[in-house]
Each structure stands twice: as C-alpha cells, then as structure tokens.
Amino acid sequence: MILQDATQIVMRDMTAADIPAVADLCFEQQWPHREEDLEMLLSMGSGLVAEIDGKVGGSIMSWRFDPSFATLGVIIIAVAHQGRGLGRQMAIAMIERLAGLTVLVNATEEGRSLYGKLGFVELGTVCQHNAIAPAQPLVELRAGERVRPMGAADAEVLEALYSAAMGMDRKVVLDELFARGSTVVLCKEHEQTGFAVIRRFGRGWAIGPVVAPDVTGAKALIAHWLGTQTGSFCRIDIPEQPAPDAAGLGPWLEEVGLPQVDRVTRMALGPAPVPGGTARLFALAAQALG
Ligand SMILES: CC(C)(COP(=O)(O)OP(=O)(O)OC[C@H]1O[C@@H](n2cnc3c(N)ncnc32)[C@H](O)[C@@H]1OP(=O)(O)O)[C@@H](O)C(=O)NCCC(=O)NCCS
C-alpha cells in the first residue's frame with residue numbers, strides 16, 4: 001500500500017472483474033479496446049491495477065514467452081492521476097515480476113520516455129494503419145503459390161513459422177487467435193510459407209499476425225482479408241521492415257486505402273529476440289503482444 005498526497009493507492013493483481021474498469025481507462029485514452037479484447041489479453045497473461053481511493057485508476061499487463069521473453073501492454077494511468085509517479089511504480093512492479101526475462105514493449109510517445117528512463121533501448125518502430133477498407137485489387141501470386149483457408153493440420157507448421165519469425169515461442173498467442181479469428185495460409189507447391197489471421201478488435205477487425213516469406217506474399221495475404229472486409233474498419237500494425245522490403249508494405253497499404261495513423265517505438269530491456277527461419281513477421285498479433 002502506498003500513500004501519496006493523502007490519497008490511498010493500492011496496487012494489486014488484475015482480475016476478470018476489473019475488465020470493465022480497464023476498458024474505461026482505454027476509453028478515456030481513446031484506445032479502441034473492447035472488454036472482449038481485454039479479456040482475451042488477460043486470459044493469456046497477467047495484470048496489475050492501481051486502485052485509487054477504491055477506484056481503478058491504473059493498469060498494466062504482461063505476457064511471458066519461452067524461452068526468455070515477456071511483453072508489456074495496456075499501460076494506462078487515468079488522466080486525473082498522471083504525472084505523479086504512478087506509471088513508473090506500476091511499470092517497475094511488473095518488471096520485477098519478470099526478473100530474468102527480456103522485457104519488450106511497443107511504447108507510445110508518453111511511454112517512450114518512461115521506459116527509456118527505466119533502461120529500455122529502442123529497437124525500431126511499429127506503424128499502425130487503419131481505415132474503412134475500400135474494394136481491393138487482387139495481388140498477383142507467383143507460379144505455384146496460392147492462398148487457402150487454414151485447416152486443423154496446419155496449426156503446428158504455422159506455429160513453427162510464427163515462433164521462428166518472432167524468435168520466441170508464440171504457440172499460446174496463435175492458439176488463442178486461431179480459436180477467435182479466421183486464418184488463411186500462403187502455400188507454395190503445397191508447402192505452407194506464410195499465413196494471416198483476422199479477428200474482431202475494437203471498432204472492427206484486426207489483421208495480424210501476418211507471416212510471409214517476402215513482401216509480395218504478405219501483400220497477397222493482407223489483400224485477401226481486406227477484400228473480404230470491404231466497407232468495414234480494418235487495422236494492421238506493421239513492424240519496420242529491413243531491406244530489401246523496407247519501402248514495401250507501408251506505402252502499399254497507403255495505396256490500397258489503409259493510411260498510417262500512428263507509430264509506436266519498439267523497446268527492450270535485455271537482449272532482443274533473434275528471428276530465424278525463412279518467413280518474416282509483417283504484422284503484429286497486437287501492439288500489446290508484439
Ligand atoms: C505513460 C503513462 C502510463 C505514464 O504514467 P504517469 O503516472 O503519468 O507517469 P509518471 O508520473 O510515473 O512519470 C514517469 C515518466 O513518464 C514520462 N511521462 C509521463 N507523462 C508523460 C507525458 N505526458 N509525456 C511525456 N512523458 C511523460 C516522464 O518521463 C516521467 O519521468 P519523470 O518523472 O522523470 O519526468 C501515462 O502518462 C499514460 O497513461 N499515458 C496514456 C497511455 C499511454 O500512452 N500509455 C503508455 C503505453 S506504452
């Protein structure tokens with residue numbers, strides 16, 4: 001228990017009963033998360049809330065991924081209580097729980113200075129694109145390639161592709177998203193080379209993760225989902241791409257009617273994960289989950 005300005009502040013574990021209050025914190029920040037989105041996030045990880053005079057006024061969540069990584073998200077202090085050290089205290093409390101792990105966060109501009117002061121280093125950026133999806137032109141596939149719906153027999157291969165592309169075990173996230181969303185698979189000569197998941201999120205739909213061998217494959221997967229959601233609000237969060245795809249996906253999303261609306265900074269406290277394998281990550285599962 002911490003006393004501050006004669007206000008009683010209690011930091012405790014987040015439970016499912018806190019979700020409506022955390023959704024209110026999101027709403028105040030104009031973040032799109034619905035209660036269902038937050039429930040899904042909490043079901044995969046854990047959280048802390050700060051109760052200020054009996055009312056939830058701060059939140060933070062975290063997720064662990066083998067072998068040695070964790071991500072932080074849903075870090076919010078109610079506007080009325082910001083700037084008094086509470087965000088820092090909650091971040092430190094959660095980081096202490098994750099001792100021994102590299103902690104990753106996609107930080108907003110406000111979060112960036114807080115995490116910088118806690119020793120996080122900047123790894124890159126993630127660009128958020130969203131809009132009401134306009135009608136999509138088809139993306140031409142190469143010889144032997146096709147995009148098809150996922151079948152139960154694909155799960156293990158797709159988990160391996162995703163985990164390699166992320167440099168950490170992502171089975172927990174993907175199993176949850178397979179159950180909640182729909183998935184298409186990119187194949188070359190019957191071999192799975194990539195995939196893209198779409199699920200309900202916020203005001204509409206979120207496309208991600210997207211894993212593909214190259215930017216052309218990623219475009220084909222994304223165009224498939226945008227095409228099925230014409231007229232609906234769609235969001236996609238894309239990490240900065242290394243050469244030779246650096247100028248690929250972001251400008252293409254702008255061209256097809258999904259402008260960049262925001263940008264966050266990918267930060268790490270500890271050694272960054274090292275992606276491997278043949279496929280790369282072209283869109284995040286969620287800003288919070290990485
Ligand atoms: C970011 C946030 C959680 C910080 O919580 P807080 O209780 O206001 O922050 P603290 O009082 O503990 O301050 C910690 C540091 O954060 C930074 N900070 C806080 N508010 C900031 C702001 N509005 N702009 C820039 N930096 C800010 C400062 O660097 C501060 O360091 P200092 O005390 O040495 O000056 C809070 O401002 C918030 O909820 N913002 C909106 C949601 C958001 O962007 N969350 C971060 C997601 S990564």
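Helices here are DSSP runs of at least four residues, numbered from the N terminus. The model is a predicted one.

H4 gives the most to the shell around the ligand, with five residues. Around the ligand stand 19 residues, and Gln 82, Gly 87, Arg 88, Gly 111 and Leu 114 come nearest. Two or more residues of the shell come from each of strand S5 (69-77), helix H3 (86-97), strand S6 (102-107) and helix H4 (109-117). By type, the shell divides into seven nonpolar, eight polar and four charged residues.

Now follow H3. The helix has 12 residues, which at 1.5 Å a residue should span 16 Å. The end C-alpha atoms of H3 are 17 Å apart, which agrees. Which residues of H3 are buried? They are Leu 86, Gly 87, Met 90, Ala 91, Met 94 and Ile 95. Seen down the axis of H3, these buried residues fall within an arc of 165°, so they line one face of the helix. Ile 92 and Glu 96 lie on the other side of H3, and they are exposed.

Turn next to the nonpolar interior. In soluble globular proteins, nonpolar side chains tend to be buried together. The largest nonpolar core of this model holds 83 residues. Among these, Ala 196, Ile 207, Val 210, Val 211 and Leu 221 touch the most other members. S5 gives the most to this core, with seven residues. Strand S5 also gives two or more residues to the shell around the ligand. Domain 1 (2-100) and domain 2 (128-283) each supply at least three residues to the core.

Methods
Residues numbered from 1 in each chain as written. Predicted model: local features only at pLDDT ≥ 70, side-chain atom pairs only at ≥ 80, totals over all residues. Near = placed C-beta within 6 Å. Nonpolar A, V, L, I, M, F, W, Y, C, P; charged D, E, K, R; others polar. Expected span 1.5 Å × (residues − 1). Buried ≥ 20, exposed ≤ 12 C-beta atoms within 10 Å, placed from the backbone. Arc of directions from axis to C-beta. Core = buried A, V, L, I, M, F, W, Y, C linked by C-beta atoms within 7 Å. Domains from an automatic or database assignment.
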